[in-house]
Amino acid sequence: MLTLRFLGEIEVARGGEGLVLPPSKKTRALLAYLVVTGRPHRRERLCSLLWDIPDDPRGALRWSLSKLRALVDEPGEHRIVADRETVAFDGAEAHVDLLAIGTQLAEGVEAASTQELEESARAFRGEFLEGLELTHFHDFYAWCVAEREEARILHVKILDTLVERLSPQPEDALPHARTLVHVDPFNESARATLVRLLAAAGRPREAEQQYQAGSRLFEELGSESSGELLDAWQSLREPSATASRRGPAVTAAAAPMAPHAPGDAGLEPDRLDAPAGAPPTALVGRHAERARLIAALSEAEARRRGRVILLTGEPGVGKTRLLAELIAAARQRGGTVLDGCAYEAESGRPYGPWIDALRRLPPVSVGETIGTDLAPLLPELAKETKAQHSRDRLFGAVVDLIAARAHSAAPVLLALDDVQWCDDASAELLHYVARMNRHRPVLVALAARDGELPDNAPMLRVLRGLRRDRLLDELSLGPLSRDETEQLVQEVAPNVDGDRVFAESAGNPLFALEVARSLTYRHDDVPQTLSELVRDRIDRLPPTAGDVLRWGAVLGQTFSARRLTEMTPIDLDGLMSALETLERHALLSEVGNGGEPGGTYAFAHDLVRRVVYAELSEPRRRLMHWRIAKALHDLEDADEDIAADIAHHAALAGEASMAARACVSAGHRCLRVFANTEAYALARRGMRYAEQLCEPERVKLLLELTQISFAARRPPRLGEAARTIEDLAERALDHGCLEHARLGFHVLSYLRWERGDWSDAQRHTMRAELVSRSADEKEQVVAMAEAARCLAVLERDLGQAEALLLEAGALSERAGVEPVAIPDAMGMLRLHQGQPEEAAELFQHARTLARRDGDRMGEFQALEHLVMLELQRERCADACALSEELVTIGDKLREGSEAPFARALSALSHYAMGEEEARANLEQALEALEHADAKHRLAYALTRAADIDLRRGNAELARTRAAEALDVAGLLGRPSEIALAHVALARAASALSDHEGVKRHLDELGHERLGGVSAHVRRAVETLLAEDGAVRSKREVRGA
Amino acid sequence: MEHVVVERVFDEPVDFDEVQALEDRNAWCLELHRIRFLRTYFSSDRRRMICVYEAPDAESVRLANRQAGMPFERVWTASIHEPSE
């Protein structure tokens, strides 16, 4: 039986055995589309869905289908059912995960048995078509995103029901509750349930981690909390306090934790306070784990085989310490080390850990070419300012750099700590680097908190991919043994009671050290939780050291001494002595100077920072964040790089305006480094801040943020998105913010025309500037409308034309003018889009306006468009009547091609009615058009005449006319006229049995980029191609 | 490409720079139509002007001139005959 799985990465299996999928993503996407939609699709539709390329999309489709046949067809059983017109997938007897769930739950989730729900839940291996969204193919992308969202909603519903039904058995409910939090991270109620279940299952420490992770998430999002999570946590605190006497429950303050939490960098015993004796330097315990890491490094080096190793464990268990051992070993062998750390608050700083890791390499190791390509991350390496950048080049440069180091200074160790906070862009780069270096001596070592890893979907996806590629080894760190704990604390505080420390800490090294430290000055009443232990120690610090610690906690997990002096009222001497004290007390450690005078410091563990931060009163916290945000904002070298920091501090200071503006800057930076997920997240965050502001600032920022959001991710519901933007643009106009209104209209028009390709938006805006500069409002409106008409006539930049018209339309009401060019040009755009009814109404309206203004030329143009529309709709009698009126107006316009064109249209209308005498008039009018040298009008008239000639059986004449039309249209470069001339030529050749000629013109049409042509022209081409296909089939059948 | 001649007549004497400014403002429109300005003959009474462009056809020049709000009497395609040596 054939099994197709789409929930997660695509998998196809036959008889339970996985099949190798075609490497082309488009081919896989095609399979998914055919199977999931479950109906036949026209070939043209599939081509436009996935092969929006000028050269031979049908050929590409055929190629893909041949690959799919090889995959899913069996002898005597054809699943890909295709004819000349359509393609379908025959899904009988095949198992498709998504469809099977639909059948199983047809009566609704509530009606299904628990067993059925569990089966369905198991089918979700990841999101729908994971990694296959193909963002450049807008129709496919929109379909994929919509299906994905539907699948996600169903998944949430299944999990929700399961968790509810299984909650009396917490161990059974837990896996589903965890998945639910991962799939629906912003669901506070789901997080609260998980916390309750963890507590009920006797896992208070994990419950606390989940509570803290959730609180930080909601605070960072600035979303209103229903209080459910806090309630769940508080209701557990009493029982957990008793539990903590048995085990090391890390009870934090009840208030939600700071969103800006540092990593567990630097839990190194040698940095801890040593009341007696020399500080310990040796690693305690972890012999097997260390040996395994070193062996992995040796193996990577000896067998030139890239590996990834993931260290997991709870906070404070010593992951960072082990990574440090591995780093030291790699350095000792003369290898290359790239080490970085992800930070929780740095989601708005794409590639953060990579930037840190790359900066730590000696500059000589980065060649000039690689340096240029790395410039989006490391601007200091840019040699050429105008170099073209792309994400592929950036990723390629990182791989090249690692390959070069693997050649000259092997082995290469890439050590990334705290990847549970890794941003999406970094995760993708990590995946790419790991896959591209599988045949090089490269070891990637990652460390993560297992409790928080499920919250990071991009990282989970990468880990799943690495697991599937069999590149990943996993190593879980448990607690130290009783003897090891004793040894650890004996080295720090020789006289404390080792048994007691182990009993209190349950072998968590961080906790054990804090207990030991506390026991050196207390004998009874040792605080029961890690937080209380740390707080107790901080309370004993001198006042200035306490201040420095507080400012540091507000600044972040690492901070430079220079920045502290810039931001805080503490003087330099006081600061330096405070830093020394804090280092001595192992609360801070210097982590290299990072090019900063005075050095850079990090908290010994993020828990220390969280405790300090939680102790600050809310008003004080806000004030401190405000001060930092303002100082950063006022920095002379403030640029987009620190915009994410400004947004973070401004948000926590309650400075919505500054935060929203910083989100705009940071969002633009993310777009420039191809970090779309981060840009999107920043835009959404910025919008929440902007919503709190007063008009007009609110509407201006919302428009800027919407532009970033759409550039980063195409909105799945275009209609809704268009309405939102239109409303914002109108409001911007109401407030007189013309620049922003214009931005809104541009975004809107691009939604319609360019489908989210904003790269040229700036150029277009400049063009609009040119049109509207130095004129009063009425003139501006007219100029914009005329400019739009010019673009519409030329079939160029139609998105820009629509933007101009939208803006001109909105302004015209205010200025009390209504230029005829607005409805006329809008009519042309609607006609182009294939909406003739709407176009007819607009042309009619344009004609009325022109008459009102006594604008003869305007009237002529509107009427001419009406006649052309009627001819296109084959309403020849109406065309005849209207063209008579057109001739009358044309005769009054003394110069130009209007009079001959009016006569040509009139003659065409009559000729189409079958009036033979009209032919002489037509010839006369065509000659006059030629004399007036109006090539576009001439090409139009010639092609229409050729159509009529053909219908009347005069193929030779048709061919002559169409050939002339093609020459003329070619000189002007008008896509629609060129395509129509080819259609007429192909039909004429066919009538004359000139098969070679038919083929030649069909080839031209195949190669012609049909993207720019009008909807009715596209239809004419498609009809011709379909007819040709049918003829060929018949011929083949006859031949057979 | 054709050489296209535009004849303009003004009721009142005009300032050359003003006409030029009007045309400059619509330079993008000329560019879209693939029109290239070649030269202008401006009468000494400042009432007449002949402009010569290079363009795909005369109609493109008409459209662009109308768009720019530049008055014109006639627009025609011309061939150029230089005196033989």
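In chain A of this predicted model, helix H7(A) packs its residues against helix H8(A): A:Pro170, A:Ala173, A:Leu174, A:Ala177, A:Arg178, A:Leu180 and A:Val181 in H7(A) are in contact with A:Ala190, A:Arg191, A:Thr193, A:Leu194, A:Leu197 and A:Ala200 in H8(A). Sorted by class, this contact holds ten nonpolar, one polar and two charged residues.

- The axes of H7(A) (residues 170-183) and H8(A) (residues 188-200) come within 9 Å and cross at roughly 150°.
- Angles over 145 degrees count as roughly antiparallel, and H7(A) and H8(A) are therefore roughly antiparallel to each other.
- The crossing of H7(A) and H8(A) is left-handed.

**The sheet in chain A**
- Three strands make an open sheet in the order S4-S6-S5 (chain A), and their pairing is antiparallel.
- Strands S4 (41-42) and S5 (80-82) of chain A are the edge strands, each pairing on one side only.
- Three bridges join S5(A) to S6(A) (residues 86-89) in the antiparallel sense.

**Where chains A and B meet**
- Chain A gives 19 residues to the contact and chain B gives 16 residues.
- On the side of chain B that touches chain A, the elements giving two or more residues are helix H2 (27-32), helix H3 (58-68) and strand S4 (74-78) of chain B.
- H3(B) supplies the largest share of that side, five residues.
- By class, that side of chain B has seven nonpolar, two polar and seven charged residues.

Notes
Residues are numbered from 1 along each chain as its sequence is written. Chains are lettered from A and ligands numbered from 1 in the order in which they are written. This is a predicted model: local features need pLDDT of at least 70, side-chain atom pairs count only at pLDDT 80 or more; totals for chains, interfaces and linings use all residues. Two residues are in contact if their C-beta atoms, placed from the backbone, lie within 7 Å. Helices (H or I, at least four residues) and strands (E, at least two) are DSSP runs, numbered from the N terminus. Ala, Val, Leu, Ile, Met, Phe, Trp, Tyr, Cys and Pro count as nonpolar, Asp, Glu, Lys and Arg as charged, and the others, Gly among them, as polar. Axes are lines fitted to C-alpha atoms, for helices over the stretch in contact, and angles run from 0 to 180 degrees between N-to-C directions. Angles under 35 degrees count as roughly parallel, over 145 as roughly antiparallel, 65 to 115 as roughly perpendicular and the rest as oblique. A crossing is left-handed if the near helix is turned anticlockwise from the far one by less than a right angle, and right-handed if clockwise. Two strands pair if DSSP finds at least two bridges between them.
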